[in-house]
Amino acid sequence: MTPAFEAAELALLREDLAYHQARVLLLVTATAAESGHNRKLDGLTKLAKLDFLLRYPALAAQVLDTLDGDDPRLHLSDDEKREPTAVEAPMTRYKYGPWDDRYYAIIGALVGRGLLRYTRGRQGSVALVPTVAGRTLVDQMARTHEWAEIAERSQAIAQASTGLTGNALKDLIYQRLADLMDRPHRQVIR
């Protein structure tokens, strides 16, 4: 690899990670704002399943009972309605449903930057809570054209999943999207 190519590739990776960090910060903050989630996002399973619904918004209405495909907070385009798995940031099928190997780096970066903090979750799991700086950044992001739709979608998904654990979300995804989850591990969900 040439140094110029490496620099360009690293720049793209940074942009990609920044995008994922912003989306996860919006999702964690929206979830923690809901009292039905005990003011935190409890566990990596729950994060992965909620993030799946955020990335594949046309499928969120199939999984979460209080959402429908016409909910304006989901901001579904005609393309997303026709092709619900044609998304810009696909996930892979893993042991317990949709997963993204970048979660550890994303969460570590958000905690390291002081935007999220770890707290005790149910049964010894790790939970995430936004810090004051994280909530402030989310408020600023939600007012921008680039992030307003993701912020609203995050809030809709957080509200619709109130009271559901990560395992309950996993079960609903497997039940209601059985054809989509019936694929080998590590296969991209498209």
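Colleague: What should I know before I start reading?

Modeller: The model is predicted, so to speak of a local feature we need pLDDT of at least 70, and side-chain atom pairs count only at pLDDT 80 or more, while totals for chains, interfaces and linings use all residues. Residues are numbered from 1 along each chain as its sequence is written, and side-chain values use heavy atoms, with hydrogens and water left out.

Colleague: Which strands form the sheet, and in what order?

Modeller: Strands of a sheet pair through backbone hydrogen bonds, either parallel or antiparallel. Here, strands are DSSP runs of E with at least two residues, helices are runs of H or I with at least four, and both are numbered from the N terminus. Two strands pair if DSSP finds at least two bridges between them. In this model three strands make an open sheet, ordered 1-5-4, with antiparallel pairing. Strand 1 and strand 4 are at the edges with a single partner strand each, so one side of each has no neighbour in the sheet.

Colleague: Which residues stand opposite each other in strand 5 and its partners?

Modeller: Strand 1 (residues 41–42) pairs with strand 5 over two bridges, and L41 faces L128 there. Strand 4 (residues 116–120) pairs with strand 5 over five bridges; L116 is opposite P130, and R117 has V129 as its bridge partner. Strands 4 and 5 also form a hairpin with five residues between them, where Q123 in the turn has a positive phi of about 45°.

Colleague: How many residues of strand 5 are buried?

Modeller: Buried means under 20% relative accessible area, exposed means over 50%, and partly exposed is in between, using a 1.4 Å probe and protein chains only. In strand 5 (residues 126–130), four of the five residues are buried.

Colleague: Which residues of helix 5 are buried?

Modeller: In helix 5 (residues 103–112) they are Y103, I106, I107 and L110. Seen down the helix axis, these fall within an arc of 90°, so they line one face of helix 5. That arc is taken from the directions from the helix axis to the C-beta atoms. The face turned away from the buried side carries the exposed residues Y104 and G112. After helix 5 comes G114, with a positive phi near 75°.

Colleague: What does H20 touch?

Modeller: Contact means heavy atoms within 4.5 Å. H20 lies in helix 1 and is buried, at a relative accessible area of 1%. Leaving out residues up to four places away in sequence, H20 touches R55, A89, D100, R102 and I106.

Colleague: Where is the largest pocket, and what lines it?

Modeller: Rolling a probe the size of a water molecule over the atoms shows where empty space is left. A pocket is an open set of points on a 1 Å grid over the protein atoms alone, where a 1.4 Å probe fits, with protein on both sides within 12 Å along at least five of seven lines; lining residues have an atom within 4 Å of a point. The largest pocket holds about 410 Å³ of space. Its lining has 19 residues, with Y19, E80, E88, I150 and R153 nearest the centre. Helix 7 gives the largest share of this lining, six residues.

Colleague: Which residues lie nearest the centre of the second largest pocket?

Modeller: They are D42, R122, S125, T165 and G166, among 16 lining residues. The second largest pocket has about 270 Å³ of space.

Technical notes: Points joined across faces, edges and corners; volume = space filled by probe spheres on them.
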